[in-house]
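Hi,

Here is the model I promised to pass on to you.

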Amino acid sequence: MNAPVDVSFFARAAKPLTSYRKYWAARFGTARFLPTSRAEMEALGWDSCDIVIVTGDAYVDHPSFGMAVIGRMLEAQGFRVGIIAQPDWHSADPFKALGKPNLFFGVTAGNMDSMINRYTADRKIRSDDAYTPGDVGGRRPDRAAIVYSQRCKEAWNDVPIVLGGIEGSLRRIAHYDYWQDKVRRSIVVDAKCDLLLYGNAERAIVEIAHRLAAREPVHQISDVRGTAFVRRETPQGWFEIDSTSVDLPGRVEAHVNPYLMVSEQAKANGATCAKEEEAQAVAAAAEARSSLPLPLAGEGRGEGAAKPLHFIPNPSLRKAGNPHPDPLPQAGEGASPEGRVRPPPRDRSVIRLPSFEQVRADPVLYAHANRVLHLETNPGNARALVQAHGEGATARDVWINPPPIPLTTAEMDHVFDLPYARSPHPRYADEHGSHDGATKIPAWEMIRFSVNIMRGCFGGCTFCSITEHEGRIIQSRSEDSIIKEVEAIRDSVKGFTGTISDLGGPTANMYRIGCKSPEIEAACRKPSCVYPGICPNLNTSHDPLIKIYRRARALKGIKKILIGSGLRYDLAVQSPEYVKELVQHHVGGYLKIAPEHTEQGPLTKMMKPGIGSYDRFKQMFEKFSAEAGKKQYLIPYFIAAHPGTSDEDMMNLALWLKRNGFRADQVQTFYPSPMATATAMYHTNKNPLRKITRESETVDIVRGDKRRRLHKAFLRYHDANNWPLLREALKKMGRADLIGNGKHHLIPTYQPLTDGSYQSARRKNSTPVVLKPVQPVQGRILTQHTGLPPRETGTGRAKPTRKSR
């Protein structure tokens, strides 16, 4: 079955990437590596760069690295592109290394958000960086996109700055910053960039480059989808929809009933009225008049007779598409069949979000803005957003255009078929010319023998930012393009042993899956296609993926193809044939999946399926493994301290883990990344998955180091270092019955002598605890059961008295 995106309106809604006339510099041809120094430029015959890309990652010329994709995409359009990778940000001099760019600086923090890259979920500094040669940390600044933009402005103030990458994408509006525990401004304002490109930006960057090359001023480029920028006011021809509030705060006083008489009003207020009798007489006269029959047609109407009501149109309403104060359309003049006024066209509508000052001061308005943002993410019907920053003379608007149109299959093939070297730049090679020694880049090593077959994710998990960045429309490559890349790895990548480490993407099994109806796809505003259940309009066929697996593993020289991407198991169980194909041919002993939790409380806040879906997949997995005569195991991943998780939820999860024989080694504590829905929950205590009001439901938030440690300890119930904390918590929860030495107990009563350390999966981030010398106490036996009283040995030895100690 072909990809749904190829038959949808998206295929017809944008100019194809390959339809532009190439820039004149295309005559210089294609570079083996994009130049990173003046010497490399001179070797190519360049006197200058048209575009200089500044990145926080080491330069790896591979389609899994953003700077390489954008650089090669622009090179294919005929532009001369240079790379400044991981520059020293303490001065502007390193940003002048390639000279003044003719068109613009392209700035990105790298494949990861620089703050998440440098800090753990507990805000501790990491000592490593997988995107740096030698896995060395500290090669990029905090909030690298802002710092790099400022240095580019210092280098050449008149060169436009186009900011992109995931760091800019997730900070395009005012956002909660976990590391400072406050709401920060849009990165467009802080970085002072001319344009921000969010999402996968091939389509936007190509159009912008050609328009700048045609000498169009950058401040006039305001109609490109997937961009954000600063402007002072809403231009003419746009309909502004005010969404700056949810409801009125404070107590609402009841209105006075106009039908109450004076005496009744007085009594309602606990007082008496001096004219009570007069009021009663007035009431009686009014009742007598109301009992008279209405005059018939043609009869005279005297004083007090009923009069007809005349309705006039509300002058505050206007016809859609007409900004002038015309009256409501009459029947036959464009009114809708229901008699309602048509809404303004979505492509000319802009929603005004609460301002930065409002969302900074009011968590409810922050949650409301987050909900509106996530409702406007479908490229088929999303409207522009605007958010004010500043007041008075400094006021300006951050304008966010609708998301970019997804790439068609042909465009995806074009992007991935560009002439990537599939290797780190030679400048990172060691003395032997290799990238496998002390200068190895772990992120490249991880994807060295993998193939990305698709983009996007319609899962909508609230803790994940893939949908906010790549969108929920799946963009798939063609089968031939994928096979061509597998063959290229086999034939040209040094060190290949016959195993492809992954055929996947953000999710392993969403290849060529999408909406059955192009019209429904373009109009849908649901945040997830698989929650709370799989949408009936979703095509769940895994046949194209099965075909890819079979064709790829049949290639000569390919011994094994593994699936390393995360698997959406609730989708996989819809195709038993796919599960069988996966389990019997593409699992290397262990398969990682992510149920994230077992309890409905946190699962509803994550938008993840219930544990029953995991059980169904587990049954299939074990059945097909047995049929193949293989012993294979599932490795489930769980999140601790996610919004909506109570202590009891974590206790029940720990009991489930012990009951099923799991001992989690890699434990992830919830990390509030910018713009994620779960981060909005964390900051506001509100649930943006539902309509936000000041009385709407509150969410249990796990804050504070002690409670976060407790939730993490429940996941690692088997670690003796956590037992004292768990004992204390279980007693407070009234579950001391789970403390004991039986199989049905969660933790034992004894406590071995431990050092309190925890070995992380990333060993450099593990902080060993140095043991202090233990001073023995007279009469106490120091064994691994320290903490229990000495055993009675029957020797009749008298217990030491206080004086003898």
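Below is what I found, starting with the ground rules.

This is a predicted model, in which local features need pLDDT of at least 70 and side-chain atom pairs count only at pLDDT 80 or more, while totals for chains, interfaces and linings use all residues. Residues are numbered from 1 along each chain as its sequence is written, and side-chain values use heavy atoms, with hydrogens and water left out.

Ten strands form an open sheet with mixed pairing, in the order 3-1-4-5-8-9-13-12-11-10; strands (E, at least two residues) and helices (H or I, at least four) are DSSP runs numbered from the N terminus, and two strands pair if DSSP finds at least two bridges between them. Strand 3 (81–85) and strand 10 (239–242) are at the edges with a single partner strand each, so one side of each has no neighbour in the sheet. On average, neighbouring strands are turned by 25° against each other, direction ignored. Strand 4 (residues 104–108) pairs with strand 5 (residues 161–163) in the parallel sense over three bridges, and Gly106 stands opposite Val162 in strand 5. Helix 7 (residues 202–213) lies across strands including strand 1 (51–55) and strand 9 (227–231), and runs at about 150° to strand 8 (195–197). Axes here are lines fitted to C-alpha atoms, for helices over the stretch in contact, with angles from 0 to 180 degrees between N-to-C directions.

Now the cores, meaning sets of buried Ala, Val, Leu, Ile, Met, Phe, Trp, Tyr and Cys residues joined through side-chain atoms within 4.5 Å. Buried is under 20% relative accessible area (1.4 Å probe, protein chains only). The largest nonpolar core has 77 residues, and Phe458, Leu503, Leu591, Phe617, Phe714 and Leu746 touch the most other members. Its largest share, seven residues, comes from helix 22. Apart from this core lies another of 56 residues, among them Phe33 and Val386.

Helix 25 (residues 723–732) has Trp723, Leu726, Arg727, Ala729 and Leu730 as its buried residues. They pack against helix 22 (647–659) and helix 24 (705–715), with contact meaning heavy atoms within 4.5 Å.

Tyr366 and His374 of helix 11 and His683 of helix 23 are among the residues making the contact.

Best wishes

Definitions and conventions: Buried means under 20% relative accessible area, exposed over 50%, partly exposed in between (1.4 Å probe, protein chains only).
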